[in-house]
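Colleague: I have the file open. Can we go through the charged pairs?

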Amino acid sequence: MKMSIHRHQFSRRSILAGAAAVGLTGTLAACGGSDDDSGKSSGPVKLTYWSWAPNMDKVAAIWNKKNPDITVTVSKQAAGKDIVSKLITAKKAGNAPDLIQVEYQSLPTLVSNDVLADISKYAKSAKSQFADGLWSMVTLGTDAVYAIPQDSGPLMFFYREDLFKQHDLTVPATWDDFAKTARAARKAVPNAYLTTFSSNDPGLFAGLAQQAGAKWWTVESGGKWTVGIDDAATKKVTDFWGGLVQEGVIDNQPMYTPAWNNALNKGTHLAWVSAVWAPGVLVSSAPDTKGKWRMAPLPQWSAGEDVTGSWGGSSTGVSTDSKHAEAATKFANWLNTDPEALAALVKEAGIYPAATKGQSGSVLTTPEFFPNQTDFYDTAAKIAATTAASAWGPNVQVAYDTFSDAFGTAAKAKKAAQFDTALGTMQAKTFSDMKKQGFKVTEA
């Protein structure tokens with residue numbers, strides 16, 4: 001029976017199936033530095049921590065002052081695929097850092113390359129601190145624990161409150177409502193769009209598919225993977241956005257360009273499907289619109305549902321090279337669950353904590369850009385609790401790169417049929433890559 005990576009259990013051996021083909025050495029029995037007592041520490045311990053979050057050294061300094069026997073040195077790194085490649089190289093050389101900041105979608109890649117240790121014997125007690133969907137992202141649906149959730153990026157709907165009122169537009173509760181609002185906005189303001197479909201950040205598309213119930217990667221208990229990126233849930237998302245682009249009621253321009261910034265700032269884009277961290281982007285992208293935006297839950301596929309996807313977010317893992325897995329996990333737990341640490345993460349690193357108790361309260365003051373929505377973080381916390389579990393696989397970057405190329409072409413053409421073709425290309429190339437790497441793999 002096929003098992004979903006985010007609903008059922010499979011073994012560490014299953015995740016590592018195909019490991020030899022991706023450059024691993026040693027035996028499976030040697031995988032996971034914390035699987036035995038070698039992870040325990042006695043005497044002073046010095047740990048290294050690779051992180052890209054700003055000012056993480058200031059957060060670690062709080063720990064170091066209180067824990068002189070376990071000191072942590074932060075090494076600032078690039079994010080995304082750069083740190084993943086660097087970590088795999090470091091693992092092959094036997095000198096990976098003790099602690100690692102890891103994006104959720106990168107966890108299976110690092111586990112399959114034997115970079116991340118199973119820290120379950122030291123970390124399972126942390127489970128109650130996080131929403132089930134977030135916790136499943138660091139366990140990969142297994143009895144193992146490969147990291148502690150650090151920050152999250154629940155998807156939400158951001159809109160220009162002033163323009164919605166001016167043009168009598170309705171904040172959409174469902175995606176059908178969203179389409180109606182897009183048409184109404186285009187009619188009310190012919191030189192504007194509700195928002196855009198962007199091909200330059202696959203994380204948003206993945207989050208929307210996640211909300212719809214997508215299962216891009218699944219695996220059987222024997223280690224046989226299935227690639228199902230073109231599943232029914234993702235096809236529904238693809239057809240929806242492709243149809244709106246072809247209809248001409250949604251823009252087809254990529255995000256994070258001068259033109260996109262200008263559209264947000266001038267109000268020719270009236271909304272943005274984004275994540276909890278959006279206020280920080282709007283500060284620089286649309287500086288003239290302070291106090292004019294508002295946030296609402298993501299539209300649902302069916303009325304009455306209450307689920308969101310995620311865009312971004314990371315965790316803190318311990319490498320299999322660490323000789324101090326227990327001490328490293330102790331720091332990772334503190335960093336992501338201790339009230340003082342959570343407050344420092346918000347203040348110094350500007351992140352939205354994954355821990356439930358860090359998602360609201362006095363530490364999270366109303367975003368400066370949203371003075372009109374004083375309940376911003378209380379609402380965000382309720383939305384974050386509805387985050388769907390994800391289903392990542394060992395070659396996410398291949399899927400992401402293919403998305404940007406194939407959907408970029410489709411968006412430019414403004415043809416719904418090409419959106420479907422792009423999804424098929426994404427499926428085919430991801431499957432082909434896994435097969436080439438030596439994984440046991442089939443297609444859904």
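Predicted model: local features only at pLDDT ≥ 70, side-chain atom pairs only at ≥ 80, totals over all residues.

Colleague: Start with D162. Which side chain does D162 meet in a salt bridge?

Modeller: D162 meets R160, with an N to O distance of 2.8 Å.

Colleague: Is R160 buried or exposed?

Modeller: R160 is buried, because its relative accessible area is 5% and buried means under 20%. D162 is partly exposed, at 28% relative accessibility.

Colleague: Next, R183. What is its salt-bridge partner?

Modeller: The partner of R183 is E247, and the N to O distance is 2.6 Å. This pair links distant parts of the chain: R183 sits in helix α8 (residues 175-188) and E247 in helix α10 (residues 232-247), 64 residues apart.

Colleague: And how accessible are R183 and E247?

Modeller: R183 is partly exposed, with a relative accessible area of 37%. E247 is also partly exposed, at 41%.

Colleague: Where does K235 come in?

Modeller: K235 forms a salt bridge with D420, and their closest N and O atoms are 3.9 Å apart. K235 is in helix α10 and D420 is in helix α17 (residues 416-437), so the pair links distant parts of the chain, 185 residues apart. K235 is partly exposed at 38%, and D420 is partly exposed at 31%.

Colleague: Changing topic: which residues are linked in a network of salt bridges?

Modeller: E161, K165 and R294 are linked that way.

Methods:
Residues numbered from 1 in each chain as written. Heavy atoms only, no water. Salt bridge = Lys/Arg side-chain N within 4 Å of Asp/Glu carboxyl O. Buried < 20%, exposed > 50% of the residue type's maximum accessible area, 1.4 Å probe, protein only. Helix = DSSP H or I, 4+ residues; strand = E, 2+ residues; numbered from the N terminus.
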